[in-house]
Structures are given as structure tokens and as C-alpha cells.
Amino acid sequence: MMYSAEVEHMCPIEKGVNHGPAPIPEEGKWVKAKQIDDISGLTHGVGWCAPQQGACKLTLNVKKGIIEEALIETIGCSGMTHSAAMAAEILQGKTILEALNTDLVCDAINTAMRELFLQIVYGRTQTAFSEGGLPIGAGLEDLGKGLRSQIGTMYGTKAKGVRFLEMAEGYVTRLALDQEDLVIGYEYVHLGKVMQAVKKGKDANEAIRENTGCYGRFEEAVKYVDPRTE
């Protein structure tokens, strides 16, 4: 160890009490984290790239410092989907410190990793007060049936008004309008369920019919509008 001349000539003074780090909540326990393997928890974080063209939601399930499960969801940038594919291969099996200092291909994913790291090491995880945390595979529960991200896509102009394109329930096929041309409901197709049915051998048209639903006062509409073409 190298010391400056000023430090070399100082007289030694003993250190007093040393209480260690403040405990943080982790999976139903209070933990004094000193090593990376002291860290556990499941949490989410959001990142964005420099031009803010796209964003990433990252979910990590960390057990004893190791990333056991990673869910990467991206929006707004086509190239980011390929970056997410590579990052999904990279993340699992790494410690959270390794992952923080690894190029996860896309700035948005790197930023999300930074935000997650802060939450995890400060004890602000979703499972901070859940005894034992969540099992590996809990990240998939965020996706629901059909394992599709929860996407909301809306568009509007002053000249022509609003268009609902995709809601949590699925791909919007028709908007329901009242006599004043106000939206009072919509029809949607749950694409995840459709694809599952098609994979099992069902006719695609029949699968779409069976997985089409509506929301709001759809049946009371004066007219219906295709949000993509009308």
C-alpha cells in the first residue's frame, strides 16, 4: 500500500466502534450486505437510450447475488429487440455486479440494469418483505396467457381524433362510437391465445373468432371504425 508523506508522518489513532452496514430488507429478512452473494430479490427497472427512441423494462430474479431469471421487454426500436435477445443470453448466471459492468448491447438495457442494481442493493425490491422471495419463473407471470408483453399503443391527431391500436387485452380491431362520434368501447383479439390455438392445429379464422372480445359499451355503438384504416 502506498501512502503520501503527510499520511506517513501522522500518528496512529485507533478506530472506535464499527457497527457495519445498515440492514436492508431482502425476501422477508433484514440483511447486512457486505458481499455480492448477500443480495437477493426480484424487481423491475426501466431504461432508455440516449436519443430516447426506445425503452426497456427489465425484470431480474436474483438469488445470493446471481441472476437466476431475466425478463427483457422493449418498445419503440426495432434494433432493440435483437439487442434484448443477446442480453437475455448474457444476463443469467452472472452476478449483479458483473451484469452492471457488462455491455448488454443496447443503451436502454444497460440503463435499466443500472436502475435495477440501485433498487436491489438498497433493498427496494418487489420481494423485500416477502419471505423466501419469488420462485424462478415468477417473471413469466407478468406476461399472462400467451406469454406476451402488456402493450398499450394509442395514436391521435387534432384533425381526426384518437385511435386505440393495442390494449392490455390485445390487438384492437374496431372502435365503437356513439352518435356524437365519441369512443364508448372497442373490440380486440388476444393474439397470444390465437397463436397457441393455431399451434395446436386449430384453423386460424376459428382461433381468431374464439379469442375476440369487446370492452365498454361496444354493443351500443352507432357505428364501428377500424382504427388502422378509417
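Which residues of the largest nonpolar core touch the most other members? In this predicted model, select Leu58 and Leu91, which hold that position among the 24 residues of the core. Next, colour the elements that each supply at least two residues of this core: strands E4 and E5 (66-75), and helices H2 (78-91), H3 (96-100) and H4 (107-121). Helix H4 gives the most, with seven residues.

Keep leucine 91 selected and display its contacts. Leaving aside residues up to four places away in sequence, leucine 91 touches Leu58, Leu60, Ile67, Ala70, Ile72, Ala99, Leu104 and Met113. Apart from this core lies another, of six residues; Phe164, Met167, Val172 and Tyr186 are among them.

Proceed to strands E3 (residues 41-48) and E4 (residues 55-63). The two strands run antiparallel and are joined by eight bridges. Select threonine 43 to find leucine 60 of E4 standing opposite. The strands E3 and E4 form a hairpin with six residues between them, and in the turn glutamine 52 has a positive phi of about 55°.

Now move to helix H5 (residues 191-199), where Gly192, Val194 and Ala197 are buried. The buried residues of H5 pack against strand E9 (183-189) and helix H6 (204-210). Just after H5, select glycine 201, which takes a positive phi of about 105°.

Finish at methionine 1, in the segment before helix H1 (5-8). Is methionine 1 buried or exposed? Methionine 1 is exposed, because its relative accessible area is 88%, against a cut-off of over 50%.

Methods
Residues are numbered from 1 along each chain as its sequence is written. This is a predicted model: local features need pLDDT of at least 70, side-chain atom pairs count only at pLDDT 80 or more; totals for chains, interfaces and linings use all residues. Side-chain values use heavy atoms; hydrogens and water are left out. Two strands pair if DSSP finds at least two bridges between them. Helices (H or I, at least four residues) and strands (E, at least two) are DSSP runs, numbered from the N terminus. Buried means under 20% relative accessible area, exposed over 50%, partly exposed in between (1.4 Å probe, protein chains only). Contact means heavy atoms within 4.5 Å. A nonpolar core is a set of buried Ala, Val, Leu, Ile, Met, Phe, Trp, Tyr and Cys residues joined through side-chain atoms within 4.5 Å.
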